[in-house]
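Work through the exercises below with the sequence and the model at hand. Each task is followed by a solution in steps.

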Amino acid sequence: MDLHALPPVTGLLRLGRGAAVESEVDLSGWWLDGDRLEIGPVRVGAHAVVGTRSVLFPGARVGKRAEVAPGSAVVGQVPTGQRWAGAPAAKLGKAKRNWPEERPARSRVWRALYGASGRD
């Protein structure tokens with residue numbers, strides 16, 4: 001799995017094998033609504049993708065091989081193999097699998113160049 005967002009301190013996050021969570025996704029599993037605190041589990045299924053700056057509210061479930069577009073707010077459940085977007089998120093159609101099945105090989109040259117290019 002690829003996790004590019006902070007995991008919640010609640011421990012209520014479950015990520016499936018091969019899931020991808022992009023940067024700045026809110027996975028906290030809690031929400032303060034006025035004087036009411038809502039807490040619930042957040043689940044992302046195997047090989048699902050959650051786009052940048054999306055919010056998964058308490059109790060949100062993203063099914064296997066599903067896609068959540070960047071900037072979306074998932075309140076309930078995204079069924080397996082579907083693509084959802086918006087705030088609140090709504091169905092757009094079937095998820096598109098347009099990336100390779102396997103990860104590219106890691107290169108020591110690129111790792112060294114990346115490390116050498118860092119700034120203070």
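Helices (H or I, at least four residues) and strands (E, at least two) are taken as DSSP runs and numbered from the N terminus. The model is predicted: local features need pLDDT of at least 70, side-chain atom pairs count only at pLDDT 80 or more, and totals for chains, interfaces and linings use all residues. Residues are numbered from 1 along each chain as its sequence is written, and side-chain values use heavy atoms, with hydrogens and water left out.

**Exercise 1. Overall description**

Solution. 
- Step 1. Buried means under 20% relative accessible area, exposed over 50%, and partly exposed in between (1.4 Å probe, protein chains only).

**Exercise 2. The loop residue G51**

Task: Locate G51 and decide whether G51 is buried or exposed.

Solution. 
- Step 1. G51 sits in the loop between β7 and β8.
- Step 2. Its relative accessible area is 3%, so G51 is buried.
- Step 3. Contact means heavy atoms within 4.5 Å. With neighbours within four places in sequence set aside, G51 is in contact with E22, V25, V68, A69 and P70.
- Step 4. G51 and A85 are 34 residues apart along the chain, and their C-alpha atoms are separated by 9.4 Å.

**Exercise 3. The nonpolar core**

Task: Find the residues with the most contacts inside the largest nonpolar core, then follow L27 and V78.

Solution. 
- Step 1. A nonpolar core is a set of buried Ala, Val, Leu, Ile, Met, Phe, Trp, Tyr and Cys residues joined through side-chain atoms within 4.5 Å.
- Step 2. The largest such core has 19 residues, and those with the most contacts inside it are L27, V44, V50, L56, V62, V74 and V78.
- Step 3. Beyond four places in sequence, L27 is in contact with L3, A5, L6, P8, L13, V21, V42 and L56.
- Step 4. V78 belongs to strand β12 (residues 77-78). V78 is buried because its relative accessible area is 1%.
- Step 5. Outside four places in sequence, the contacts of V78 are R61, V62, G63, A66, V68 and W84. V78 lies 34 residues from V44 in sequence and 9.4 Å away in space, C-alpha to C-alpha.

**Exercise 4. Salt bridges**

Task: How many salt bridges are there, and which residues form them?

Solution. 
- Step 1. A salt bridge is a side-chain nitrogen of Lys or Arg within 4 Å of a carboxyl oxygen of Asp or Glu. The count comes to three salt bridges.
- Step 2. E24 pairs with R53, the closest N and O atoms being 2.7 Å apart. The pair links distant parts of the chain, 29 residues apart: E24 is in the loop between β3 (20-21) and β4 (30-33), and R53 in the loop between β7 (49-50) and β8 (55-56). R53 has a relative accessible area of 55% and is therefore exposed.
- Step 3. R36 and E38 form a salt bridge at 3.5 Å, N to O. R36 is exposed at 51% relative accessibility, whereas E38 is partly exposed at 30%.
- Step 4. E67 and R83 form a salt bridge at 3.1 Å, N to O. This pair also links distant parts of the chain, with E67 in strand β10 (residues 67-68) and R83 in strand β13 (residues 82-85), 16 residues apart. E67 counts as buried at 9% relative accessibility, and R83 as partly exposed at 26%.

**Exercise 5. Backbone geometry**

Solution. 
- Step 1. Most residues other than glycine have a negative phi, and most peptide bonds are trans.
- Step 2. The peptide bond from A87 to P88 is cis, with omega near 0°. P88 lies in the loop between β13 and β14 (90-94).
- Step 3. Phi of E24 is near 60°, a positive value.
- Step 4. Phi of R65 is near 55°, also positive. R65 is in the loop between β9 and β10 and is partly exposed, with a relative accessible area of 41%.
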